[in-house]
Amino acid sequence: MSIADLFKIKKDERLAGGLFLLWQIILNALVIVRYFPSFSHPSSNYYKLFIKGFHISGFDPLTYCVVSNWYTSFDVHRHPLLAFFYYPAYVVNSTLISVTGLNFAQIIVAIVLITSSFYAFILLMRIFRELIGLERNDAVVLSFLLFSFSHIMIAAISPDHFIISLFVLVLTIYIAGKQMKEKRKMKKWQTILLFLITAGISLNNGLKIFIANFFTRGKSFFNPWNLIFAILLPASAMWLFGEWEYRTYVNDSVKERKQKQAKAVKEEKERMFTAFKDTTTLKDSTKISNSFKQIWKEHRQAVLRKRANKPANRHTGKPISKNSFMIWTDITTPRMETAIENLFGESIQLHQKHTLEDVLVSRPVIVGYDWIWNYIVEGLIFLLFIVGLWCGRHSKLMWMVFSFATMDMVLHMGLGFGIPEIYIMAAHWIYVIPISMGFLMKAVNGKYRQGLRFTLYSLTAYLTVYNAYLLVDYLYL
């Protein structure tokens, strides 16, 4: 299959694709209209403008910064190529700014988000039809079901990398699934290209390309040439590039920021010492110095306590270690409550309280639903997911997709990477739920299929209306 064939919209995909495209345009327009009055004006400090102005769940508007004034604003170790992928968008936007005096970052980023969502939807339909063997209407509804999940719906309108990651991961599943069905092996150049794109957007997702390589190649995955050229060399090159990017673009600014902080603390200490000397009744310089040391110690402890009580620190659990990447781990955030309220809760259904608030600003880590109905829906979706996994237990495709999701569960639920806001990472794994339901739909027949079909159609309609209502309520009401 050529690239042109891969992205060509087939005749029987046009109606569903057109309706989905219209829906995505409407949702993105809601965000653009909400923020355009303040975000459309050129600024000397885009970081302050967007970070302070944009608030939708825990999604970061760093992409707006990159497209407005290009810089590697993303964490270069976790997103080593993402800023470079957006460089053409920055060139277009800077030209428009110079001509019109308006910043079109929102609209340009929305085009990227809509395109990514659209092709993720189209490719997901093809997975259901061509690889699982579902009827067209069932494939359409299950594809819509994924985008009715709250943090897929939100990711598709937020200027972050998650919906782009979803598109590339679904693309990988489709390509690898076709290869497994046709008993072909993923070629080295395909693995390298998919890895560079996927890992360049989000490094941990690059490992899923290696998983796909393993499932398509089987034992030949361990062929030395495959391991060296398709696995080890691309992974090493990506890591070295991230290190170079850090030294080139980030290191100096980090040093400068630390120096400014140290200077500010030093100046504060000097001011306080001067004020203490002017007001104290002590005459002996040694006593003055010793007394001030105690005052300064108590002051710094108070500052650190105040800093620790900020949500960004208070809602972050204790890491395994404070060295390197381990600083991002979390061993204290409760797993069971997280699984119920966030992993299979907030990821799929927004909560009525603290709707779309940021856990690093104001949202508690654990929030409960107001209605028992939400838990019933969550339990039903989880049950269908588990039964679907069982129905697809003989499929390599199902096992590959489940392996993708398992890797995320090890990172987030196991090690605790990003666990306080695990729902914003839903785009990296939650496609496993509708795909498993696809295997369930394929396995049942007769009246059971009709009942399942009614259930899935109802869930899709309910989640779409429920989540969209709370989104509009948050943005405008």
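Predicted model: local features only at pLDDT ≥ 70, side-chain atom pairs only at ≥ 80, totals over all residues.

Residues are numbered from 1 along each chain as its sequence is written, and side-chain values use heavy atoms, with hydrogens and water left out.

Let's start with the overall layout. The chain splits into domain 1 (11-241), domain 2 (255-314) and domain 3 (327-476), with bounds that come from an automatic or database domain assignment. Between domain 2 and domain 3, the C-alpha centres are 47 Å apart.

An unreviewed UniProt entry carries the annotation "transmembrane region" for several spans, including 15-36 and 372-390. Such annotations may be inferred rather than shown by experiment. Here are those two spans:

| Residues | Helix | Strand | End C-alpha atoms apart |
|---|---|---|---|
| 15-36 | 100% helix | 0% strand | 31 Å |
| 372-390 | 100% helix | 0% strand | 27 Å |

Now for the helix pair. Helices are DSSP runs (H or I, at least four residues) numbered from the N terminus. The axes of H8 (residues 136-148) and H19 (residues 432-443) come within 10 Å and cross at roughly 155°, so H8 is roughly antiparallel to H19 (angles over 145 degrees count as that). Contact (heavy atoms within 4.5 Å) involves Asp138, Leu142, Leu145 and Leu146 of H8, plus Pro434, Met437, Gly438 and Met441 of H19.

Technical notes:
Axes fitted to C-alpha atoms, helices over the stretch in contact; angles between N-to-C directions. Helix = DSSP H or I, 4+ residues; strand = E, 2+ residues; numbered from the N terminus. Parallel < 35°, antiparallel > 145°, perpendicular 65-115°, else oblique.
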